[in-house]
Amino acid sequence: MAMDAERRQAELIGQFSAQAAALSSAPQLAALVLEATSHPALFAFSELLALPALTKLAGTQYASSLDLLRLFAYGTLKDYKSNSGSLPALLPDQVRKLKQLSVLTLAESTKVLPYDQLMQELDVSNVRELEDFLINECMYSGIVRGKLDQLRRCFEVQFASGRDLTPDQLNNMIDTLSDWLGTSDSLLHQIQEKIKWADTMSEVNKKHQKEFEDRVEEAKKSIKLNNLSRQTSTYGGMTTFSLNLEE
């Protein structure tokens, strides 16, 4: 299911990217932003935001469409309401999409979302409306899975699709991965040193074992020679005694 959703996202991003590359005017690009942010199955926008073609919107009367696309990539409905004066008015499909994205943002920080918090963030007036939205627009669409707990008045999130990373989040992730890589390299070096030490000790133990076995063999040979020498001496005495009797 998750792989199918990711594949669908990639297909849609590819389609909108190809359309953007073929457009030349700001009005056309603004219309494309409207279409993308209204699409019911598209929930990732940072790749579209990075398209060189969309930079044509900057400095034009449609520049706010670029800001809106940025909001859909990283923001929430609450962010839109705080900046609605400088952004285009939203269509119903865009409002629904921004509410869905807001749920995903909340699910990033906690897996138990109180109804009161959700109603405030989503601008929903009652529990029935909230639960209908969570079921029909979030769980049925596959972007989240969870359990509605009416007794505790909360939504327990079991799975939530990830949102686009902000530039700051991306930089923090790069720093974290760099630190992890450095720690891994250090740990790998330590492991290699331990392996080298173990190999050296193994060779030393093999050498000691060989020396011990050689000494054991030498001792066995020495004991065997001593036994043969005693036997020869005994047999020699008996032979001499027998000859003396005959004389």
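1. Let's start at Ser-65, which sits in helix H4 (residues 63-74). Helices here are DSSP runs of H or I with at least four residues, strands are runs of E with at least two, and both are numbered from the N terminus. Ser-65 is buried, at a relative accessible area of 10%. For reference, buried means under 20% relative accessible area, exposed means over 50%, and partly exposed is in between (1.4 Å probe, protein chains only). Setting aside neighbours within four places in sequence, Ser-65 is in contact with Ala-30, Val-33, Leu-57 and Pro-88; contact means heavy atoms within 4.5 Å.

2. A word on what you're looking at. This is a predicted model, where local features need pLDDT of at least 70 and side-chain atom pairs count only at pLDDT 80 or more, while totals for chains, interfaces and linings use all residues. Residues are numbered from 1 along each chain as its sequence is written, and side-chain values use heavy atoms, with hydrogens and water left out.

3. Now the core. The largest nonpolar core holds 51 residues, and Leu-48 and Leu-54 have the most contacts inside it. Such a core is a set of buried Ala, Val, Leu, Ile, Met, Phe, Trp, Tyr and Cys residues joined through side-chain atoms within 4.5 Å. Neighbours within four places aside, Leu-54 is in contact with Leu-29, Val-33, Leu-48, Leu-49, Leu-66 and Leu-69.

4. On to the sheet. It is open, has three strands in the order E1-E3-E2, and its pairing is antiparallel. E1 and E2 are the edge strands with a single partner each, so one side of each has no neighbour in the sheet. From one strand to the next, the twist averages 25 degrees.

5. E1 (residues 112-114) and E3 (residues 154-160) run antiparallel and are joined by three bridges. Across that pair, Val-112 stands opposite Glu-156, and Leu-113 stands opposite Phe-155. E2 (residues 144-149) pairs with E3 over six bridges, also in the antiparallel sense. Here Gly-146 has Val-157 as its bridge partner, and Asp-149 has Cys-154.

6. The turn deserves a look. E2 and E3 make a hairpin with four residues between them. Arg-153, in the loop between E2 and E3, has a positive phi of about 55 degrees despite not being a glycine. In general, most residues other than glycine have a negative phi. Arg-153 is partly exposed, with a relative accessible area of 36%.

7. Next, the helices on the sheet. Helix H7 (residues 115-122) lies across E1, E2 and E3 and runs at about 70 degrees to E1. Helix H8 (residues 127-139) packs on the sheet too, touching E2 and E3, and its direction makes about 160 degrees with that of E2. Axes are lines fitted to C-alpha atoms, for helices over the stretch in contact, and angles run from 0 to 180 degrees between N-to-C directions.

8. How do H7 and H8 meet? Their axes come within 10 Å and cross at roughly 80 degrees. The two are therefore roughly perpendicular to each other; on this scale, under 35 degrees is roughly parallel, over 145 roughly antiparallel, 65 to 115 roughly perpendicular and the rest oblique. H7 brings Tyr-115, Leu-118, Met-119 and Leu-122 to the contact, and H8 brings Val-127, Leu-130, Glu-131, Phe-133 and Leu-134. By class, that is eight nonpolar, no polar and one charged residues. Nonpolar covers Ala, Val, Leu, Ile, Met, Phe, Trp, Tyr, Cys and Pro; charged covers Asp, Glu, Lys and Arg; the others, Gly among them, are polar.

9. Which residues of H7 are buried? They are Tyr-115, Leu-118, Met-119, Glu-121 and Leu-122. The cover over them includes helix H5 (77-82), helix H6 (92-109), E1, H8, E2 and E3.

10. Just after H7, Asp-123 takes a positive phi of about 60 degrees, although Asp-123 is not a glycine. You'll find Asp-123 in the loop between H7 and H8.

Terms used: Pairing = 2+ DSSP bridges.
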